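I opened my notebook to record what I looked up. Here are the entries.

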Amino acid sequence: MSSVAAAPDAVTDTQPEFVKALTLTDATMLVAGSMIGSGIFLVSADIARQVQSPFWLIMAWVLSGVMTVLAALAYGELAAMYPRAGGQYVFLRESMGPLMGFLYGWTLFVVIQTGTIAAVAVAFGKFLGVLWPAISPDRYGWFPQADVCSAALGCRDAATQSIQLGLTPQRLVALIMIWVLTWVNLRGVREGKLVQTTLTTVKTLALAGLIILGLTVGRNATALQANFGAGNFGGFSGITGAFVLAFGAAMVGSLFSSDAWNNVTFAAAEVKNPQRNLPRALFFGTGLVCLLYIVANFAYLSVLPLHGDPAGADVMQRGIMYATQDRVGTAVAETIFSGYGATIMAVAILISTFGCNNGLILAGARVYWAMARDRLFFRRVGRLNAKHVPAAGLIAQSIWTSILCLTGTYNQLLDFVIFAALLFYVATIAGLFILRRRLPDAPRPYRAVGYPVLPALYIILAAAVAVVLLIADKTRTQAFSGLVLVLIGVPVYFLWRRVEGRGPAQVPDGRA
């Protein structure tokens, strides 16, 4: 346990406490719902353009799924040991000390959680544009706008890598979505979980329905021949160093789509019987979603050819690579439901992204609450309101997320998020090894399956992907920027401690 003692002036115990309102089903829905957002319906187009092969498209999703489940199995042990509000922040604080915990919380607030919420919100606006074409990605001329591209950060192609500041109709919709969901979660965890469980059930069924229809009614002989015919599926021939870099960069999309499964640990203090339910929710949620993702891509390949012409007159000619605005899910639905597919799929994806962001907004504020209780964030954030939720943390999160919505496109936000997230996934699972050695006799209601081999395998795979992101031209700018943001947290940590006048203070265990 942490050796940091509680300070006399820490937040008092007279404030409201978290309400244990999340059952195993709710926790599993929080895992699945935070994962299933916009990515599965969008990123396969970008992956396909980079890997140029149906086989490697599938492998990107398979490898992402394997990595996600391996990490979830390891996190189960940590979650059962420390079922407290803050989750991964607490794991890092207990295994590596308050500095590492702060760096995670800092990066979560600056880019990981808020960047993910912003990306999903922008995707919500993108799909609302299917129903209402006036909601476009074109920037308003009356709003200050700029294109920022730094050669020092490796930005060589200003047309594709510059950060596009400004307000668009899609980004305006994203802002409205963020504030509406923040308001919902300010009303209490029961309201938040009702929205989460309901929408997760609906969108899981919608994705499963798209998969079934794609593999049955939508099967297209032309697409099947183009993707799975003799010599077309691809394989292990022609692997070069350049391809490895391209494949690693392509995995940004599939890893982003599989991310946020750890959010359930942030809300651990609100889970009933957490020592039992948290490990199960992590495994059930990640396993279900990763399986759906892999099968969904087989469905895509059964309906549309991978290769296509960006100037194609219809969805079949454009293929998966050049689906309009990367909306692969919509292109598949258009093929199955001629004339109605785009509308049907847009509605389903709007529900999906709305539910995804609800889970992300609900969970993220719990980390800032835990940091504030350790005097590593604004003290006001360490208090719960009358509805037993961290209101100040929810509001602070929404403000910074709104700013991020104005700074980048969907794919740029993905690149920022994934590199930083991978760094801390590796650090957290390394912390599992540290705790096993430092606290061999500590109660462990659940022990990580396959320890030490499977956790070590995850560390190797995730570290390799992170290195590729730093090297590859397509992701270098955002990955390097993510690394800089993490490192900026070091002086911020020491400055914060100096301002506070003492080291971070931990509240009694029973409070979190």
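**Entry 1: salt bridges.** I began with a definition: a salt bridge is a side-chain nitrogen of Lys or Arg within 4 Å of a carboxyl oxygen of Asp or Glu. I then searched the whole structure and found 11 salt bridges. One I noted joins K193 to D26, with the closest N and O atoms 3.0 Å apart. This pair links distant parts of the chain: K193 sits in helix α8 (residues 189-215) and D26 in helix α1 (residues 24-35), 167 residues apart.

**Entry 2: ground rules.** I am working from a predicted model, where local features need pLDDT of at least 70, side-chain atom pairs count only at pLDDT 80 or more, and totals for chains, interfaces and linings use all residues. Residues are numbered from 1 along each chain as its sequence is written, and side-chain values use heavy atoms, with hydrogens and water left out. Helices (H or I, at least four residues) and strands (E, at least two) are DSSP runs, numbered from the N terminus.

**Entry 3: α5 and α15.** I turned to helix pairs. Axes are lines fitted to C-alpha atoms, for helices over the stretch in contact, and angles run from 0 to 180 degrees between N-to-C directions. The axes of helix α5 (residues 98-131) and α15 come within 9 Å and cross at roughly 160 degrees. The two helices α5 and α15 are therefore roughly antiparallel. I noted the cut-offs: under 35 degrees is roughly parallel, over 145 roughly antiparallel, 65 to 115 roughly perpendicular, and the rest oblique. The crossing of α5 and α15 is left-handed. Left-handed means the near helix is turned anticlockwise from the far one by less than a right angle; right-handed means clockwise. The residues in the contact of α5 with α15 divide into 24 nonpolar, 8 polar and no charged. Here Ala, Val, Leu, Ile, Met, Phe, Trp, Tyr, Cys and Pro count as nonpolar, Asp, Glu, Lys and Arg as charged, and the others, Gly among them, as polar.

**Entry 4: α3 and α18.** Helix α3 (residues 54-81) packs against helix α18 (residues 453-471) at about 130 degrees, with the axes 9 Å apart. That angle makes α3 and α18 oblique to each other. The crossing of α3 past α18 is left-handed. I listed the contact, meaning heavy atoms within 4.5 Å. From α3 come L63, M67, L70, A71 and A74; from α18 come L454, P455, L457, Y458, L461, A462 and V465. By class, this contact of α3 with α18 has 12 nonpolar, no polar and no charged residues.

**Entry 5: α2 and α12.** Helix α2 (residues 39-51) and helix α12 (residues 274-303) have axes that come within 11 Å and cross at roughly 60 degrees. That makes α2 oblique to α12. The crossing of α2 past α12 is right-handed. I40, F41 and S44 of α2 meet Y293, A296, N297 and Y300 of α12. I sorted the residues of this contact into 5 nonpolar, 2 polar and no charged.

Entry 6: What does N385 touch? I first placed N385 in the loop between α15 (341-373) and α16 (391-405). Not counting residues up to four places away in sequence, N385 touches P16, L186 and A391. The C-alpha atoms of N385 and L186 are 8.5 Å apart, though 199 residues separate them along the chain. The backbone oxygen of L186 lies 3.5 Å from a polar atom of the N385 side chain. The backbone nitrogen of K387 lies 2.8 Å from a polar atom of that N385 side chain. K387 is also found in the loop between α15 and α16. K387 and R187 are 200 residues apart in sequence and 6.1 Å apart in space, C-alpha to C-alpha.

Entry 7: I checked P452, in the loop between α17 (410-438) and α18. The peptide bond from Y451 to P452 is cis, with omega near 5 degrees. D326 has a positive phi of about 65 degrees although it is not a glycine. I found D326 in the loop between α13 (315-318) and α14 (328-336).

How values were computed. Polar contact = N/O pair within 3.5 Å; in protein donor to acceptor, adjacent residues only side chain to side chain.
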